[in-house]
Amino acid sequence: MGASEDGDDLDSIFDDYRWDCAPESPRLDREDEDGFPPFRPIGTEAGGGQAGGIGSDGGEGDGRESFASSFYGSGTDWSRLRSEEGEDDGSGVILDEDGDDGVRSKLGSEEKLKQGNLLRMWGLKRKEVGAGKLRQGNLLQMWGLKRKGVGGGGGVAAPLEPELASTEKRSRTLNGGSNGGAQPRVCPFYKKIPGTPFSVDAFRYGCVEGCLAYFLTHFHADHYGGLSKGWSHGPIYCTPLTARLVRMCLYVNPSFIRPLELNEEHIIGGVRVTLLEANHCPGAALIHFHLSNGQRYLHTGDFRASKLMQTYPLLAKQRVDVLYLDTTYCNPRYKFPSKEDVLSYVVRVSNDFLKKQPKTLIVVGAYSIGKECVYLALSKALGAKVHANASRRRILQSFNWPELSQRISSNPKDTYLHVLPISSLRFEILDSYLKSYGNQYTDVLAFRPTGWTYSERTQLSLIKPISKGKVTIYGVPYSEHSSFTELREFVQFLRPNKIIPTVNVRNASTRDKMQSYFREWLKDKSVSQNP
(Lines give C-alpha, C1' and ligand atoms only; values in the text may rest on other atoms or scores of the structure.)
Protein backbone atom coordinates (compact mmCIF):
# COMPACT_ATOMS: atom_id res chain seq x y z
CA MET A 1 0.00 0.00 0.00
CA GLY A 2 1.59 3.22 -1.12
CA ALA A 3 1.51 6.56 0.64
CA SER A 4 -1.55 8.70 0.10
CA GLU A 5 -1.65 12.41 -0.54
CA ASP A 6 -3.01 13.26 2.91
CA GLY A 7 -0.10 12.39 5.16
CA ASP A 8 -0.33 8.61 5.45
CA ASP A 9 3.26 7.87 4.44
CA LEU A 10 4.30 7.33 8.07
CA ASP A 11 1.57 4.76 8.57
CA SER A 12 2.39 2.89 5.40
CA ILE A 13 5.82 2.12 6.84
CA PHE A 14 4.28 0.21 9.71
CA ASP A 15 1.14 -1.08 7.99
CA ASP A 16 2.14 -4.68 7.30
CA TYR A 17 -1.35 -6.07 7.38
CA ARG A 18 -3.06 -7.29 4.26
CA TRP A 19 -6.65 -6.73 3.20
CA ASP A 20 -7.45 -10.07 4.70
CA CYS A 21 -7.82 -9.83 8.44
CA ALA A 22 -5.47 -11.87 10.60
CA PRO A 23 -7.34 -14.52 12.59
CA GLU A 24 -7.48 -14.03 16.33
CA SER A 25 -6.09 -17.41 17.26
CA PRO A 26 -2.51 -18.55 16.65
CA ARG A 27 -2.20 -21.25 13.97
CA LEU A 28 0.12 -24.18 13.73
CA ASP A 29 1.82 -24.91 10.45
CA ARG A 30 0.17 -28.28 10.22
CA GLU A 31 -3.30 -26.77 10.67
CA ASP A 32 -5.45 -24.96 8.17
CA GLU A 33 -6.86 -21.48 8.77
CA ASP A 34 -9.62 -22.82 10.98
CA GLY A 35 -7.24 -24.64 13.32
CA PHE A 36 -7.96 -28.02 11.72
CA PRO A 37 -5.39 -30.46 10.37
CA PRO A 38 -5.09 -30.31 6.58
CA PHE A 39 -7.98 -32.12 4.91
CA ARG A 40 -6.99 -34.76 2.41
CA PRO A 41 -9.12 -36.65 -0.07
CA ILE A 42 -11.00 -39.48 1.57
CA GLY A 43 -8.85 -42.53 2.05
CA THR A 44 -5.57 -40.61 2.15
CA GLU A 45 -5.54 -38.94 5.57
CA ALA A 46 -2.63 -39.97 7.71
CA GLY A 47 -3.62 -41.67 10.88
CA GLY A 48 -7.12 -42.51 9.69
CA GLY A 49 -9.13 -45.01 11.65
CA GLN A 50 -9.61 -48.59 10.58
CA ALA A 51 -13.11 -49.40 9.53
CA GLY A 52 -15.36 -51.68 11.35
CA GLY A 53 -13.92 -50.73 14.72
CA ILE A 54 -12.56 -47.69 16.49
CA GLY A 55 -9.72 -46.01 14.67
CA SER A 56 -6.72 -44.28 16.07
CA ASP A 57 -8.67 -41.13 16.70
CA GLY A 58 -11.89 -42.71 17.75
CA GLY A 59 -13.48 -42.92 14.32
CA GLU A 60 -15.63 -45.73 12.98
CA GLY A 61 -15.34 -47.78 9.81
CA ASP A 62 -13.44 -50.63 8.23
CA GLY A 63 -11.09 -48.77 5.90
CA ARG A 64 -9.01 -45.63 5.77
CA GLU A 65 -11.28 -42.72 6.58
CA SER A 66 -11.09 -38.95 6.37
CA PHE A 67 -11.02 -36.68 9.38
CA ALA A 68 -14.60 -35.69 8.64
CA SER A 69 -15.97 -39.23 8.62
CA SER A 70 -14.14 -40.09 11.84
CA PHE A 71 -15.29 -36.93 13.61
CA TYR A 72 -18.10 -38.34 15.71
CA GLY A 73 -20.54 -38.88 12.90
CA SER A 74 -21.37 -35.20 12.44
CA GLY A 75 -22.05 -34.21 16.00
CA THR A 76 -23.45 -35.78 19.11
CA ASP A 77 -27.16 -36.48 18.88
CA TRP A 78 -28.63 -35.28 22.17
CA SER A 79 -32.09 -36.58 21.21
CA ARG A 80 -30.76 -40.17 21.49
CA LEU A 81 -30.26 -40.44 25.23
CA ARG A 82 -31.05 -44.04 26.18
CA SER A 83 -32.09 -45.40 29.53
CA GLU A 84 -31.68 -49.06 28.66
CA GLU A 85 -28.11 -50.11 29.32
CA GLY A 86 -26.18 -51.17 26.26
CA GLU A 87 -28.92 -50.27 23.81
CA ASP A 88 -27.57 -49.61 20.34
CA ASP A 89 -29.54 -49.57 17.10
CA GLY A 90 -26.45 -49.55 14.92
CA SER A 91 -26.56 -45.83 14.19
CA GLY A 92 -23.44 -45.09 16.20
CA VAL A 93 -21.35 -45.85 19.25
CA ILE A 94 -22.18 -45.05 22.86
CA LEU A 95 -19.67 -42.64 24.32
CA ASP A 96 -18.30 -42.89 27.79
CA GLU A 97 -18.96 -39.91 30.04
CA ASP A 98 -15.66 -38.14 29.57
CA GLY A 99 -15.25 -39.22 25.96
CA ASP A 100 -11.98 -41.10 26.58
CA ASP A 101 -12.56 -44.50 25.04
CA GLY A 102 -15.23 -43.63 22.48
CA VAL A 103 -17.18 -46.82 23.21
CA ARG A 104 -19.64 -46.77 26.15
CA SER A 105 -20.35 -45.82 29.72
CA LYS A 106 -23.14 -44.35 31.81
CA LEU A 107 -24.44 -40.81 31.94
CA GLY A 108 -25.46 -40.52 35.57
CA SER A 109 -26.62 -43.92 36.79
CA GLU A 110 -28.52 -45.20 33.79
CA GLU A 111 -28.66 -43.01 30.70
CA LYS A 112 -26.32 -43.60 27.77
CA LEU A 113 -25.43 -41.15 25.05
CA LYS A 114 -25.49 -42.37 21.48
CA GLN A 115 -23.68 -40.71 18.60
CA GLY A 116 -25.64 -40.19 15.42
CA ASN A 117 -23.87 -41.28 12.26
CA LEU A 118 -23.02 -38.76 9.54
CA LEU A 119 -24.39 -41.06 6.86
CA ARG A 120 -27.57 -41.69 8.83
CA MET A 121 -27.99 -37.96 9.36
CA TRP A 122 -27.93 -37.51 5.60
CA GLY A 123 -30.44 -40.33 5.12
CA LEU A 124 -27.97 -42.85 3.66
CA LYS A 125 -26.90 -46.37 4.46
CA ARG A 126 -23.30 -47.57 4.31
CA LYS A 127 -23.92 -49.75 1.30
CA GLU A 128 -25.18 -46.72 -0.63
CA VAL A 129 -21.86 -44.90 -0.41
CA GLY A 130 -19.39 -47.59 -1.25
CA ALA A 131 -17.54 -50.37 0.53
CA GLY A 132 -15.91 -49.08 3.69
CA LYS A 133 -15.49 -45.43 2.77
CA LEU A 134 -17.38 -42.42 1.51
CA ARG A 135 -17.25 -41.81 -2.20
CA GLN A 136 -16.26 -38.39 -3.47
CA GLY A 137 -19.09 -38.52 -5.94
CA ASN A 138 -22.37 -36.71 -6.23
CA LEU A 139 -23.09 -34.75 -3.04
CA LEU A 140 -26.50 -33.77 -4.36
CA GLN A 141 -27.41 -37.45 -4.21
CA MET A 142 -25.98 -37.70 -0.69
CA TRP A 143 -28.12 -34.75 0.35
CA GLY A 144 -31.24 -36.36 -1.10
CA LEU A 145 -31.39 -34.13 -4.20
CA LYS A 146 -31.62 -35.02 -7.85
CA ARG A 147 -29.61 -33.42 -10.62
CA LYS A 148 -32.70 -32.20 -12.51
CA GLY A 149 -34.55 -30.88 -9.50
CA VAL A 150 -35.18 -31.56 -5.88
CA GLY A 151 -37.23 -33.58 -3.48
CA GLY A 152 -36.91 -37.02 -2.02
CA GLY A 153 -34.72 -38.09 0.85
CA GLY A 154 -35.66 -35.13 3.00
CA GLY A 155 -34.12 -32.66 0.57
CA VAL A 156 -35.34 -29.28 -0.57
CA ALA A 157 -38.96 -29.51 -1.69
CA ALA A 158 -39.03 -26.70 -4.23
CA PRO A 159 -37.30 -26.26 -7.59
CA LEU A 160 -34.06 -24.30 -7.61
CA GLU A 161 -34.12 -20.69 -8.69
CA PRO A 162 -32.76 -20.14 -12.21
CA GLU A 163 -29.44 -18.77 -10.91
CA LEU A 164 -28.92 -21.86 -8.72
CA ALA A 165 -29.87 -24.14 -11.59
CA SER A 166 -27.25 -22.49 -13.80
CA THR A 167 -24.74 -22.81 -10.97
CA GLU A 168 -25.52 -26.52 -10.71
CA LYS A 169 -24.82 -26.91 -14.42
CA ARG A 170 -21.51 -25.06 -14.08
CA SER A 171 -20.63 -27.13 -10.98
CA ARG A 172 -21.29 -30.35 -12.88
CA THR A 173 -19.14 -29.19 -15.78
CA LEU A 174 -16.22 -28.10 -13.61
CA ASN A 175 -16.24 -31.17 -11.42
CA GLY A 176 -16.71 -33.54 -14.31
CA GLY A 177 -13.85 -32.16 -16.34
CA SER A 178 -10.21 -33.12 -16.32
CA ASN A 179 -7.96 -31.57 -13.72
CA GLY A 180 -4.77 -33.13 -14.87
CA GLY A 181 -5.07 -36.00 -12.41
CA ALA A 182 -4.77 -33.74 -9.35
CA GLN A 183 -7.00 -34.58 -6.39
CA PRO A 184 -9.34 -31.69 -5.49
CA ARG A 185 -9.12 -30.40 -1.95
CA VAL A 186 -12.00 -31.98 -0.08
CA CYS A 187 -14.46 -29.62 1.59
CA PRO A 188 -14.95 -30.75 5.24
CA PHE A 189 -18.40 -31.92 6.25
CA TYR A 190 -18.95 -29.21 8.86
CA LYS A 191 -18.97 -26.58 6.10
CA LYS A 192 -21.91 -28.23 4.30
CA ILE A 193 -25.55 -28.02 5.33
CA PRO A 194 -27.18 -31.49 5.02
CA GLY A 195 -30.37 -31.67 2.96
CA THR A 196 -29.34 -28.60 0.96
CA PRO A 197 -26.91 -27.70 -1.83
CA PHE A 198 -25.35 -25.06 0.47
CA SER A 199 -21.92 -24.58 2.01
CA VAL A 200 -20.74 -22.08 4.64
CA ASP A 201 -17.32 -20.37 4.56
CA ALA A 202 -16.01 -22.97 2.11
CA PHE A 203 -14.43 -20.81 -0.58
CA ARG A 204 -10.90 -22.17 -0.34
CA TYR A 205 -12.09 -25.52 -1.71
CA GLY A 206 -12.87 -24.07 -5.11
CA CYS A 207 -15.95 -25.43 -6.83
CA VAL A 208 -17.44 -27.68 -4.15
CA GLU A 209 -19.11 -30.73 -5.63
CA GLY A 210 -22.88 -30.34 -5.51
CA CYS A 211 -22.77 -26.87 -3.96
CA LEU A 212 -25.09 -24.39 -5.65
CA ALA A 213 -24.93 -21.53 -3.14
CA TYR A 214 -22.03 -20.34 -0.98
CA PHE A 215 -22.66 -18.53 2.31
CA LEU A 216 -20.11 -16.20 3.94
CA THR A 217 -20.59 -15.50 7.65
CA HIS A 218 -18.19 -12.52 7.87
CA PHE A 219 -15.20 -10.82 6.31
CA HIS A 220 -12.25 -12.45 8.05
CA ALA A 221 -9.60 -14.18 5.98
CA ASP A 222 -9.97 -17.60 7.60
CA HIS A 223 -13.59 -17.57 6.40
CA TYR A 224 -13.47 -15.83 3.01
CA GLY A 225 -10.11 -17.40 1.96
CA GLY A 226 -10.35 -18.50 -1.66
CA LEU A 227 -12.52 -15.62 -2.82
CA SER A 228 -10.98 -13.42 -5.51
CA LYS A 229 -11.91 -11.45 -8.59
CA GLY A 230 -11.81 -14.73 -10.52
CA TRP A 231 -14.61 -16.33 -8.47
CA SER A 232 -17.21 -17.98 -10.74
CA HIS A 233 -18.42 -21.05 -8.84
CA GLY A 234 -21.78 -19.74 -7.67
CA PRO A 235 -23.70 -17.03 -5.84
CA ILE A 236 -22.32 -15.73 -2.53
CA TYR A 237 -24.84 -14.92 0.20
CA CYS A 238 -23.85 -12.61 3.06
CA THR A 239 -24.88 -9.43 4.87
CA PRO A 240 -24.89 -6.14 2.94
CA LEU A 241 -21.82 -4.87 4.82
CA THR A 242 -19.84 -8.04 4.08
CA ALA A 243 -21.01 -7.81 0.47
CA ARG A 244 -19.53 -4.32 0.18
CA LEU A 245 -16.20 -5.52 1.57
CA VAL A 246 -16.13 -8.52 -0.78
CA ARG A 247 -16.59 -6.17 -3.75
CA MET A 248 -14.29 -3.43 -2.50
CA CYS A 249 -11.39 -5.48 -1.15
CA LEU A 250 -11.47 -8.71 -3.15
CA TYR A 251 -12.88 -7.35 -6.42
CA VAL A 252 -15.36 -10.22 -6.73
CA ASN A 253 -17.71 -9.86 -9.69
CA PRO A 254 -20.86 -8.20 -8.29
CA SER A 255 -23.05 -10.55 -10.32
CA PHE A 256 -22.11 -13.34 -7.89
CA ILE A 257 -22.79 -11.37 -4.68
CA ARG A 258 -26.23 -11.68 -3.07
CA PRO A 259 -26.59 -9.44 0.02
CA LEU A 260 -29.24 -10.53 2.53
CA GLU A 261 -30.65 -8.16 5.14
CA LEU A 262 -30.45 -9.22 8.77
CA ASN A 263 -33.60 -10.52 10.50
CA GLU A 264 -35.45 -11.07 7.24
CA GLU A 265 -36.46 -14.49 5.96
CA HIS A 266 -35.20 -15.31 2.46
CA ILE A 267 -36.24 -18.32 0.36
CA ILE A 268 -33.22 -19.84 -1.38
CA GLY A 269 -33.59 -23.14 -3.19
CA GLY A 270 -36.74 -23.86 -1.20
CA VAL A 271 -34.95 -23.31 2.12
CA ARG A 272 -35.91 -20.50 4.49
CA VAL A 273 -32.71 -18.65 5.37
CA THR A 274 -32.41 -15.93 8.02
CA LEU A 275 -29.27 -14.01 9.00
CA LEU A 276 -28.94 -12.82 12.62
CA GLU A 277 -26.48 -10.45 14.29
CA ALA A 278 -23.45 -12.46 15.51
CA ASN A 279 -21.85 -9.89 17.85
CA HIS A 280 -18.46 -10.54 16.27
CA CYS A 281 -17.00 -8.07 13.74
CA PRO A 282 -19.08 -5.64 11.66
CA GLY A 283 -21.22 -7.54 9.19
CA ALA A 284 -20.88 -10.94 10.92
CA ALA A 285 -23.98 -13.11 10.97
CA LEU A 286 -25.38 -16.29 12.44
CA ILE A 287 -27.12 -18.22 9.66
CA HIS A 288 -30.39 -20.05 10.37
CA PHE A 289 -31.58 -22.63 7.83
CA HIS A 290 -35.16 -23.96 7.97
CA LEU A 291 -35.62 -26.86 5.55
CA SER A 292 -38.91 -27.92 3.99
CA ASN A 293 -38.82 -31.16 6.02
CA GLY A 294 -38.88 -29.14 9.24
CA GLN A 295 -35.19 -29.50 10.12
CA ARG A 296 -33.56 -26.34 11.49
CA TYR A 297 -29.82 -25.72 11.45
CA LEU A 298 -27.93 -22.80 13.01
CA HIS A 299 -24.38 -22.04 11.86
CA THR A 300 -22.75 -19.49 14.16
CA GLY A 301 -19.69 -18.75 12.06
CA ASP A 302 -17.63 -16.76 14.58
CA PHE A 303 -19.75 -15.14 17.29
CA ARG A 304 -19.85 -13.88 20.85
CA ALA A 305 -22.95 -15.18 22.59
CA SER A 306 -24.95 -12.61 24.54
CA LYS A 307 -28.19 -12.33 26.51
CA LEU A 308 -29.64 -10.39 23.61
CA MET A 309 -29.49 -13.50 21.41
CA GLN A 310 -31.93 -15.20 23.76
CA THR A 311 -34.52 -12.65 22.65
CA TYR A 312 -34.17 -13.48 18.95
CA PRO A 313 -37.67 -14.85 18.09
CA LEU A 314 -36.25 -17.40 15.67
CA LEU A 315 -34.09 -18.91 18.44
CA ALA A 316 -36.40 -18.38 21.43
CA LYS A 317 -39.53 -19.92 19.92
CA GLN A 318 -38.24 -22.83 17.84
CA ARG A 319 -36.02 -25.83 18.45
CA VAL A 320 -32.70 -25.97 16.59
CA ASP A 321 -31.90 -29.48 15.41
CA VAL A 322 -28.21 -29.01 14.61
CA LEU A 323 -25.90 -26.31 15.97
CA TYR A 324 -22.60 -25.64 14.17
CA LEU A 325 -20.76 -23.96 17.04
CA ASP A 326 -17.76 -21.60 17.18
CA THR A 327 -15.67 -23.34 19.85
CA THR A 328 -12.62 -21.05 19.77
CA TYR A 329 -12.66 -20.72 23.57
CA CYS A 330 -14.37 -23.96 24.56
CA ASN A 331 -12.12 -24.47 27.57
CA PRO A 332 -12.98 -23.67 31.21
CA ARG A 333 -9.87 -21.49 31.59
CA TYR A 334 -11.47 -18.86 29.35
CA LYS A 335 -13.91 -16.95 31.53
CA PHE A 336 -12.95 -13.47 30.45
CA PRO A 337 -14.92 -10.37 31.43
CA SER A 338 -17.68 -8.75 29.41
CA LYS A 339 -16.82 -6.38 26.57
CA GLU A 340 -18.24 -3.50 28.58
CA ASP A 341 -16.00 -4.20 31.58
CA VAL A 342 -12.89 -4.40 29.39
CA LEU A 343 -13.72 -1.14 27.61
CA SER A 344 -14.16 0.62 30.96
CA TYR A 345 -10.79 -0.75 32.05
CA VAL A 346 -9.03 0.48 28.90
CA VAL A 347 -10.49 3.96 29.38
CA ARG A 348 -9.44 4.04 33.04
CA VAL A 349 -5.86 2.96 32.27
CA SER A 350 -5.59 5.59 29.51
CA ASN A 351 -6.84 8.40 31.72
CA ASP A 352 -4.42 7.45 34.51
CA PHE A 353 -1.50 7.25 32.06
CA LEU A 354 -2.30 10.63 30.51
CA LYS A 355 -2.36 12.27 33.94
CA LYS A 356 1.24 11.13 34.51
CA GLN A 357 2.46 11.60 30.91
CA PRO A 358 0.28 14.15 29.08
CA LYS A 359 2.31 13.80 25.86
CA THR A 360 1.40 10.12 25.41
CA LEU A 361 0.53 8.56 22.07
CA ILE A 362 -2.20 5.94 22.56
CA VAL A 363 -2.24 3.07 20.07
CA VAL A 364 -4.90 0.38 19.68
CA GLY A 365 -4.03 -2.77 17.75
CA ALA A 366 -6.76 -4.05 15.47
CA TYR A 367 -7.45 -6.32 12.52
CA SER A 368 -8.62 -4.94 9.19
CA ILE A 369 -12.10 -5.22 10.66
CA GLY A 370 -12.82 -5.97 14.28
CA LYS A 371 -11.97 -4.27 17.63
CA GLU A 372 -13.60 -1.01 16.49
CA CYS A 373 -15.45 -0.70 19.79
CA VAL A 374 -12.14 -0.38 21.66
CA TYR A 375 -10.92 2.74 19.90
CA LEU A 376 -14.46 4.13 19.62
CA ALA A 377 -14.84 3.89 23.43
CA LEU A 378 -11.51 5.67 23.89
CA SER A 379 -12.45 8.34 21.38
CA LYS A 380 -15.68 9.09 23.23
CA ALA A 381 -14.13 9.06 26.71
CA LEU A 382 -11.03 11.11 25.81
CA GLY A 383 -12.71 13.48 23.38
CA ALA A 384 -10.09 12.61 20.76
CA LYS A 385 -10.44 11.66 17.12
CA VAL A 386 -9.04 8.37 15.82
CA HIS A 387 -6.28 8.36 13.24
CA ALA A 388 -6.33 5.48 10.76
CA ASN A 389 -4.40 5.17 7.52
CA ALA A 390 -6.04 5.42 4.11
CA SER A 391 -6.73 1.72 3.62
CA ARG A 392 -8.32 1.32 7.05
CA ARG A 393 -10.35 4.53 6.62
CA ARG A 394 -11.69 3.17 3.36
CA ILE A 395 -12.90 0.06 5.16
CA LEU A 396 -14.34 1.96 8.14
CA GLN A 397 -16.25 4.36 5.93
CA SER A 398 -17.85 1.42 4.14
CA PHE A 399 -19.54 0.39 7.39
CA ASN A 400 -21.99 3.30 7.18
CA TRP A 401 -21.48 3.69 10.92
CA PRO A 402 -21.79 7.48 11.49
CA GLU A 403 -20.80 7.39 15.16
CA LEU A 404 -17.44 5.94 14.14
CA SER A 405 -16.82 7.51 10.73
CA GLN A 406 -17.27 11.07 12.02
CA ARG A 407 -14.46 10.46 14.54
CA ILE A 408 -11.89 9.30 11.96
CA SER A 409 -8.96 11.60 11.19
CA SER A 410 -6.70 11.43 8.13
CA ASN A 411 -3.95 13.56 9.73
CA PRO A 412 -1.87 11.61 12.28
CA LYS A 413 -0.65 14.80 13.95
CA ASP A 414 -4.17 15.98 14.76
CA THR A 415 -4.83 13.35 17.43
CA TYR A 416 -2.97 11.25 19.97
CA LEU A 417 -5.24 8.21 19.43
CA HIS A 418 -4.04 5.96 16.59
CA VAL A 419 -5.01 2.54 15.22
CA LEU A 420 -2.33 0.18 13.92
CA PRO A 421 -2.39 -3.44 12.77
CA ILE A 422 -2.31 -5.72 15.79
CA SER A 423 0.79 -7.35 14.30
CA SER A 424 2.60 -4.01 14.66
CA LEU A 425 2.33 -3.94 18.44
CA ARG A 426 5.97 -4.85 18.99
CA PHE A 427 8.49 -2.77 20.92
CA GLU A 428 10.84 -2.07 18.02
CA ILE A 429 7.99 -1.01 15.71
CA LEU A 430 6.25 1.16 18.30
CA ASP A 431 9.54 2.77 19.29
CA SER A 432 10.23 3.70 15.66
CA TYR A 433 6.67 4.93 15.29
CA LEU A 434 7.11 7.20 18.35
CA LYS A 435 10.39 8.63 17.04
CA SER A 436 8.78 9.47 13.70
CA TYR A 437 6.75 12.18 15.48
CA GLY A 438 9.81 13.97 16.87
CA ASN A 439 9.02 15.77 20.12
CA GLN A 440 5.24 15.69 19.73
CA TYR A 441 4.97 12.65 22.01
CA THR A 442 7.22 11.32 24.77
CA ASP A 443 5.64 7.88 25.37
CA VAL A 444 3.50 5.21 23.73
CA LEU A 445 0.67 3.40 25.50
CA ALA A 446 -0.56 0.48 23.40
CA PHE A 447 -3.45 -1.95 23.84
CA ARG A 448 -3.50 -5.43 22.35
CA PRO A 449 -7.17 -6.53 22.61
CA THR A 450 -7.52 -10.31 22.32
CA GLY A 451 -9.00 -13.11 24.39
CA TRP A 452 -5.76 -15.08 24.12
CA THR A 453 -4.16 -12.73 26.65
CA TYR A 454 -6.49 -13.97 29.39
CA SER A 455 -5.73 -16.40 32.20
CA GLU A 456 -8.51 -17.80 34.38
CA ARG A 457 -6.78 -16.38 37.46
CA THR A 458 -6.45 -12.89 35.99
CA GLN A 459 -8.67 -10.03 37.11
CA LEU A 460 -8.69 -6.81 35.13
CA SER A 461 -7.25 -4.89 38.05
CA LEU A 462 -4.33 -7.33 38.24
CA ILE A 463 -3.23 -7.09 34.60
CA LYS A 464 0.43 -6.14 34.39
CA PRO A 465 1.69 -4.29 31.31
CA ILE A 466 5.04 -4.94 29.70
CA SER A 467 7.32 -1.94 29.21
CA LYS A 468 10.54 -1.24 27.40
CA GLY A 469 11.97 2.25 27.18
CA LYS A 470 9.16 4.65 26.32
CA VAL A 471 6.76 1.93 25.14
CA THR A 472 4.14 0.28 27.36
CA ILE A 473 1.89 -2.51 26.05
CA TYR A 474 -1.23 -3.84 27.76
CA GLY A 475 -2.73 -7.14 26.70
CA VAL A 476 -6.44 -6.89 27.50
CA PRO A 477 -8.98 -9.73 27.28
CA TYR A 478 -11.29 -8.10 24.77
CA SER A 479 -12.57 -10.89 22.55
CA GLU A 480 -15.16 -11.09 19.81
CA HIS A 481 -15.59 -14.83 20.41
CA SER A 482 -17.67 -16.44 23.15
CA SER A 483 -16.01 -17.31 26.44
CA PHE A 484 -16.50 -20.79 27.89
CA THR A 485 -19.25 -19.61 30.23
CA GLU A 486 -21.00 -17.73 27.41
CA LEU A 487 -20.90 -20.86 25.23
CA ARG A 488 -22.41 -22.91 28.04
CA GLU A 489 -25.23 -20.44 28.61
CA PHE A 490 -25.98 -20.20 24.88
CA VAL A 491 -26.09 -23.97 24.43
CA GLN A 492 -28.27 -24.44 27.51
CA PHE A 493 -30.66 -21.83 26.18
CA LEU A 494 -30.76 -23.26 22.66
CA ARG A 495 -30.70 -26.97 23.64
CA PRO A 496 -30.00 -28.32 20.13
CA ASN A 497 -30.34 -32.00 19.27
CA LYS A 498 -26.84 -32.07 17.76
CA ILE A 499 -23.74 -29.94 18.30
CA ILE A 500 -20.93 -29.81 15.75
CA PRO A 501 -17.83 -27.89 16.92
CA THR A 502 -16.08 -26.03 14.11
CA VAL A 503 -12.85 -24.85 15.80
CA ASN A 504 -10.03 -26.56 17.76
CA VAL A 505 -10.80 -30.16 16.88
CA ARG A 506 -7.35 -31.08 15.60
CA ASN A 507 -7.05 -34.19 17.76
CA ALA A 508 -9.31 -36.81 19.29
CA SER A 509 -8.71 -35.82 22.91
CA THR A 510 -9.74 -32.22 22.24
CA ARG A 511 -12.86 -33.32 20.41
CA ASP A 512 -13.78 -35.75 23.18
CA LYS A 513 -13.22 -33.13 25.84
CA MET A 514 -15.57 -30.72 24.10
CA GLN A 515 -18.15 -33.47 23.80
CA SER A 516 -17.91 -34.06 27.54
CA TYR A 517 -18.61 -30.38 28.13
CA PHE A 518 -21.65 -30.51 25.84
CA ARG A 519 -23.02 -33.57 27.62
CA GLU A 520 -22.63 -31.89 30.99
CA TRP A 521 -24.32 -28.72 29.80
CA LEU A 522 -27.31 -30.58 28.40
CA LYS A 523 -27.61 -33.37 30.97
CA ASP A 524 -30.54 -31.77 32.81
CA LYS A 525 -33.27 -31.86 30.20
CA SER A 526 -35.71 -30.23 32.61
CA VAL A 527 -34.15 -26.77 32.14
CA SER A 528 -35.05 -26.59 28.45
CA GLN A 529 -36.16 -23.10 27.46
CA ASN A 530 -37.13 -23.85 23.87
CA PRO A 531 -40.27 -25.74 22.86
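**Exercise 1.** At what angle do helix α9 and helix α10 pack, and how many Å apart are their axes?

*Solution.* The structure is a predicted model, in which local features need pLDDT of at least 70, side-chain atom pairs count only at pLDDT 80 or more, and totals for chains, interfaces and linings use all residues. Residues are numbered from 1 along each chain as its sequence is written, and side-chain values use heavy atoms, with hydrogens and water left out.

Step 1. Identify the elements: helices are DSSP runs of H or I with at least four residues, strands are runs of E with at least two, and both are numbered from the N terminus. Helix α9 covers residues 339-356 and helix α10 covers residues 372-382.

Step 2. Two packed helices are described by the angle between their axes and the distance between the axes. Axes are lines fitted to C-alpha atoms, for helices over the stretch in contact, and angles run from 0 to 180 degrees between N-to-C directions. For α9 and α10 the angle is about 50° and the axes lie 9 Å apart.

Step 3. Classify the angle: under 35 degrees is roughly parallel, over 145 roughly antiparallel, 65 to 115 roughly perpendicular, and the rest oblique. Helix α9 is therefore oblique to α10.

**Exercise 2.** Which residues of α9 and α10 make the contact?

*Solution.* Step 1. Contact means heavy atoms within 4.5 Å. Helix α9 contributes L343, V346, V347, S350, N351 and L354, while α10 contributes C373, V374, A377, L378, A381 and L382.

Step 2. Sort them by type, with Ala, Val, Leu, Ile, Met, Phe, Trp, Tyr, Cys and Pro as nonpolar, Asp, Glu, Lys and Arg as charged, and the others, Gly among them, as polar. The contact has 10 nonpolar residues, two polar and no charged.

**Exercise 3.** Is R495 buried or exposed?

*Solution.* Step 1. Locate the residue: R495 lies in the loop between α14 (484-494) and β21 (498-501).

Step 2. Apply the cut-offs: buried means under 20% relative accessible area, exposed over 50%, and partly exposed in between (1.4 Å probe, protein chains only). With a relative accessible area of 5%, R495 is buried.

Step 3. Examine the backbone: most residues other than glycine have a negative phi. The phi of R495, however, is positive, near 45°.

Step 4. Find a partner: W521 touches R495, and also C330, F484, L487, R488, V491 and Q492, not counting residues up to four places away in sequence.
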